[in-house]
Amino acid sequence: MSIIVSPRLRAKALTMLFVLSLYCMFACAPEKGVQVNLIPEPVSIKSGIGYYKLDSAKVMKEGLDSFVHGKIDFSLKDIGEEGYILSVTPEKVELSATTSAGLFYGKKTICQLLTSQGLPCVEIKDYPRFPYRGMHLDVSRHFFPKEEVLKLLDEMAYYKMNTFHFHLTDNGGWRIQIDKYPKLTSMGAYRVEKDWQKWWEGSIREFCSENTPGAYGGYYTKDDIREILRYAAERHIKVIPEIEFPAHSDEVFVGYPELCCMGKSYTSGEFCIGNEKTFTFMKDVLTEIMELFPSKYIHVGGDEARKNEWKTCPKCQDLMKKRNMKSVDELQCYIIQQAETFLNSRGRTMVGWDEILKNNLDSSSIVMSYRGQRGAIMAANKGYRAVMTPGEVLYFDWYQAEPRTQPQAMYGFSPIKKMYSFNPVPTDSVVAARNEELVKSKPISPDTMMYIQPQNAHRIIGVQGSTWAEFIPDEEHLEYMIFPRLLAVAEIAWTPQQNREWQSFKCRVNTHIPQLKQRGIRPFTFSDEMELTTRIVSDRKGVEVTLDTEKTPVEIRYTTDGSEPSKHSSVYEQPFILNKETLVKAAIFKGDQILGKVLEKQVSVSEEIKNYYEYHD
Ligand SMILES: [Zn+2]
């Protein structure tokens, strides 16, 4: 198996573990036995003493399957279809599950446990929190070759993720061979400018043929797709294809201008809804897609239609009159409904971005919430299944560190701690409590409710990290944006909320970064920035200050007397309490050297206490 770490690196990792256990103290101190660093954290784990001896060189040569067999046991309770039970003692390794997927995940855990000494003794019972554990990839704005997709599927599987949302079409280029419409790829898959922003905002925003000198782009042939699907299936990953309707389709009209309202290329990004040919095209393309993809779920986009041309297009206006539609919004609902009916008639289920909630949807359809969490909350309360991928927390194309230190990204800021802190089913939050109060005083409709009613919580089927590729020009940068944040999404999706804790995850993810590199991934390796947070301690006595970093183990030194931190300043070991106004200065040290910037923050103790009690009294 390619995922097994080399002995040299393992020895290094063990040294690191030792150092870690010294530095992390209470945060990730081993309870007993051997420290393990599993991601995602299992439902229950008991560490024992000692190892089951496994010859790591032999494992590397012959693969894990020749050592660990695992058995399917239908009588197992409470672990569902993807769970497993693993028991490692010095004498034997026992792995059992109710399906081959469960055994697969059990083996992934074994891979993560393996050290140069063998397998540490553990008892693990494990199963996922959500059935949908997804990653989305936009291959339109920039194209990523098949090999990169396979590499990502390997990493998804390693972290027990099971759904790959393949965003195959958008205004940056059409990326999949469709036999009936060859001009989609011969005319809409290449452009002369690679840089998306330069191209999109420049004077020549046009596509070109593959043979044009300097042409940038590409597409997957049907054989490429079959290979990707086979590879994914072997790793228990479902692939959901997305074909965008009715918007984000500029690239379609280069070869088939008759499908947009003006009948001319580069005049619109939206299909003409009044034109019957649009629906012939949609059904033809979706038919070829369904022939290729076994996925029950087919994504049809549905987002961000501007609807400008529909207002004046004679064909669109005719359809509105015929069907007694009051606004162009109903044209959007009309095409989504056509897609839904067609997919359902073929035994498939429609998935769409949260705009599809404007439709009177079939009860089977799935809503993907990207404009915040609102779409998923509303969908669940109305009885639909929903996937959480709110832009403000789960987009991999947002900045992961101070923007001035980073290559250009989308405007938002989603460092790994923020991403990790996301709970996809916030029924237990303060918001929920406030809303309950409101519900008691007057009824609230599902449209305005800001929380998921507990009885609808099960309709949130999962969570997805989404990768829009406008500012991601190549594979190296793609990996830099996705990793290690993907590990946070994997743990959100798998681990029970009560088992998730930032300090523990932080320690574990730091041990996974060298492993990612060992497997050929080029991750972001965390910044040297520090975060200072405060919390009011009881009895209005003071403010507790916490200093945090993404990297660990690190040495933080700090002062509270206004002086610059030096190698002689106090070492930060745990949160400390301030009783009066204080200027805190802190820095990360490597020997005598300060890494990154010195953090300076005036902690206004009396003000913080005053504000807190004004709000809470
Ligand atoms: Zn039209």
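## Briefing on a predicted 617-residue protein chain

With 9 C-beta neighbours inside 10 Å, Asp 78 counts as exposed, and this residue sits in the loop between β2 (71–72) and β3, where its phi is positive at about 70° although Asp 78 is not a glycine. The model is predicted. The secondary structure of the protein chain comes to 19 helices and 27 strands, and 43% of its 617 residues count as buried.

**Overall dimensions and contacts**

- A compact globule of 617 residues would have a radius of gyration near 25 Å, and the 27 Å found for the protein chain agrees with that expectation.
- Along its principal axes, the C-alpha trace of the protein chain spans about 75 × 65 × 55 Å.

**Helix α3 and its surroundings**

- Helix α3 covers residues 100–113, and its 14 residues reach 20 Å from the first C-alpha to the last, close to the 20 Å expected at 1.5 Å a residue.
- Because ten of the 14 residues of α3 are buried, the helix is largely enclosed by the rest of the structure.
- The buried residues of α3 include Gly 102, Leu 103, Tyr 105, Ile 110 and Leu 113, and the buried residues of this helix pack against β3 (84–88), β4 (93–97), β5 (119–126) and α4 (146–158).

**Strand β17 and its parallel partners**

- Strand β17 (residues 385–388) is covered on both faces, with Arg 385 and Val 387 buried on one side and Ala 386 and Met 388 buried on the other.
- Strand β16 (residues 366–369) pairs with β17 in the parallel sense over four bridges, and within this pairing Ser 369 stands opposite Met 388.
- From β16 the chain crosses through helix α12 (residues 374–382) to β17, and this β-α-β crossover is right-handed.
- Strand β20 (residues 460–467) runs parallel to β17 and is joined to that strand by three bridges, with Val 463 in β20 as the bridge partner of Met 388.

**The open sheet of β21, β22 and β25**

- Three strands form an open sheet in the order β21-β22-β25, and their pairing is antiparallel.
- β21 (530–536) and β25 (576–578) stand at the edges with a single partner strand each, so one side of each is left without a neighbour in the sheet.
- From one strand to the next, the twist averages 35°.
- Strand β22 (residues 543–549) pairs with β25 in the antiparallel sense over three bridges, and Val 545 stands opposite Phe 576 in β25.

**Loop residues and backbone geometry**

- The peptide bond from Ile 39 to Pro 40 is cis, with omega near -5°, and Pro 40 has its place in the loop between α1 (7–24) and β1 (44–52).
- A cis peptide bond also runs from Phe 245 to Pro 246, with omega near -15°, and Pro 246 is found in the loop between β13 (238–245) and α8 (252–255).
- His 236, in the loop between α7 (222–234) and β13, has a positive phi of about 55° although it is not a glycine, and with 20 C-beta neighbours inside 10 Å this residue counts as buried.
- Pro 553 lies in the loop between β22 and β23 (555–559) and counts as partly exposed, because it has 17 C-beta neighbours inside 10 Å.
- The C-alpha atoms of Pro 553 and Asp 318, which are 235 residues apart along the chain, are separated by 67 Å.

How values were computed. Residues numbered from 1 in each chain as written. Predicted model: local features only at pLDDT ≥ 70, side-chain atom pairs only at ≥ 80, totals over all residues. Helix = DSSP H or I, 4+ residues; strand = E, 2+ residues; numbered from the N terminus. Expected span 1.5 Å × (residues − 1). Buried ≥ 20, exposed ≤ 12 C-beta atoms within 10 Å, placed from the backbone. Contact = placed C-beta atoms within 7 Å. Pairing = 2+ DSSP bridges. Axes fitted to C-alpha atoms, helices over the stretch in contact; angles between N-to-C directions. Rg over C-alpha atoms; globule rule 2.2 N^0.38 Å. Right-handed = clockwise from strand over helix to strand, strands pointing away.
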